[in-house]
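Have the model open beside you as you read.

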Amino acid sequence: MSIDAVLAQDQEIPRAQPLIPWQATDGSESGAARRVEERDLTFDGFRYTCRVVHHGDPLTEPMLVLGGSSQDRNSWTRHEKWLSPLGQVITVDLPGYGTADFLPATYGVDFLAAAVRHLLTELAVERVNLVAACYGGAVGVRFAQHYPGMLARLLLVGMTTRIPADYAVAMERWSVMIDRGETETIARELADRFMSPPGTGHVRKHAAVSRLVYQQIAGQNPEQLRKSAEHNTRLMRHEWYRPEPVPAVPSLVVTGEHDTLCTPAMGREVAARLPEARFLTIDETDHLAPVERIADFADLVARFCTDRPLEGLSYCSAPETLGTAVASPTP
């Protein structure tokens with residue numbers, strides 16, 4: 001079942017404010033039509049695919065979205081109608097993910113960050129607004145550390161400086177279960193991990209998104225399962241986060257209000273490692289906030305990428321300013 005079909009169940013229409021003057025509240029455009037392009041590229045012998053939504057009169061640098069391990073380049077199509085009027089929107093299946101070539105676990109985060117650089121070079125994009133979620137956040141931070149001149153702004157969603165110990169133990173078990181073909185059990189466990197447990201707090205579309213996660217994982221074909229197992233091995237073999245310098249670009253770290261996988265406390269730790277970053281939580285969401293409040297998340301991305309105020313928004317907490325360059329208060 002597609003994400004559109006799942007999210008159409010048991011949900012209200014998202015409320016959002018206009019992102020730019022000529023855009024309606026439903027995200028439709030009265031300006032030039034979007035042009036969508038898909039390209040197959042090859043990096044170090046591995047084929048991968050990007051999706052590019054073009055806009056003729058950009059208001060900001062191109063927006064590159066790096067999704068989590070269970071997402072692909074098409075997972076963000078529902079956000080495009082809100083973001084594409086601002087400029088080019090790029091999503092990608094990096095090697096090892098989506099429809100790209102299988103990537104052995106000997107290739108880690110450094111390789112994937114270099115693949116991102118290759119992508120932007122091939123697209124003749126000099127600098128990007130980087131939106132990176134969960135595992136995409138690990139790749140995004142490494143990209144920022146290694147290729148700082150290519151970064152205009154950095155927005156991290158559901159990111160942490162460390163893989164929770166219990167999640168690492170679970171990955172070991174999941175690898176064995178994949179070999180046994182126990183996909184339904186893995187799907188249920190992953191859905192429970194990504195979603196906050198009952199009693200944590202109200203999460204919009206909790207039931208619908210939980211079904212989506214379960215169905216996507218349970219419905220994986222043998223090649224997708226092979227990539228999932230290799231992804232777990234990659235996580236265990238390579239550094240998730242490395243304390244290298246990050247460029248002093250405008251940065252925002254976001255978590256769901258009720259995220260129990262990458263908690264708000266973990267998000268604050270990430271923000272504190274950046275030179276200067278704002279941190280906020282999105283109300284009534286958990287680890288999958290970009291899916292649970294699509295229009296509001298797109299509004300937040302648009303505001304950040306166009307340097308508009310983030311204070312006083314009805315769907316999120318007041319932003320906090322953190323980071324290594326933030327002066328400590330005088331005793």
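How much space lies in the second largest cavity? About 140 Å³, in what is a predicted model, where local features need pLDDT of at least 70, side-chain atom pairs count only at pLDDT 80 or more, and totals for chains, interfaces and linings use all residues. Residues are numbered from 1 along each chain as its sequence is written, and side-chain values use heavy atoms, without hydrogens and water.

**Cavities**

- A cavity here is a set of points, on a 1 Å grid over the protein atoms alone, where a 1.4 Å probe fits but cannot get out; lining residues have an atom within 4 Å of a point.
- Grid points are joined across faces, edges and corners, and a volume is the space filled by probe spheres set on the points.
- Three cavities of 30 Å³ or more are counted.
- The second largest cavity is lined by 13 residues, and Gln-71, Ala-133, Cys-134, His-287 and Leu-288 are the closest to its centre.
- Strand E3 (63-66), strand E4 (89-93) and helix H4 (135-146) each give two or more residues to the lining of the largest cavity; helices (H or I, at least four residues) and strands (E, at least two) are DSSP runs, numbered from the N terminus.
- By class, the lining of the largest cavity has nine nonpolar, six polar and three charged residues.

- Five of the five residues of E4 are buried (under 20% relative accessible area with a 1.4 Å probe, protein chains only).
- Val-89, Thr-91 and Asp-93 point one way from E4, while Ile-90 and Val-92 point the other way.
- E4 pairs with strand E2 (residues 46-54) in the antiparallel sense over five bridges; pairing requires at least two DSSP bridges between two strands. Cys-50 has Val-92 of E4 as its bridge partner.
- E3 and E4 pair in the parallel sense over three bridges, and Met-63 is bridged to Val-89 in E4.
- From E3 the chain crosses through helix H2 (residues 77-83) to E4 in a right-handed β-α-β crossover: with the strands pointing away from the viewer, the path from the first strand over the helix to the second runs clockwise.

**Helix H4**

- Gln-145 lies in helix H4 and is buried, at a relative accessible area of 10%.

Key. On a 1 Å grid over the protein atoms alone, a cavity is a set of points where a 1.4 Å probe fits but cannot get out, and a pocket is an open set with protein on both sides within 12 Å along at least five of seven lines; lining residues have an atom within 4 Å of a point. Ala, Val, Leu, Ile, Met, Phe, Trp, Tyr, Cys and Pro count as nonpolar, Asp, Glu, Lys and Arg as charged, and the others, Gly among them, as polar. Buried means under 20% relative accessible area, exposed over 50%, partly exposed in between (1.4 Å probe, protein chains only).
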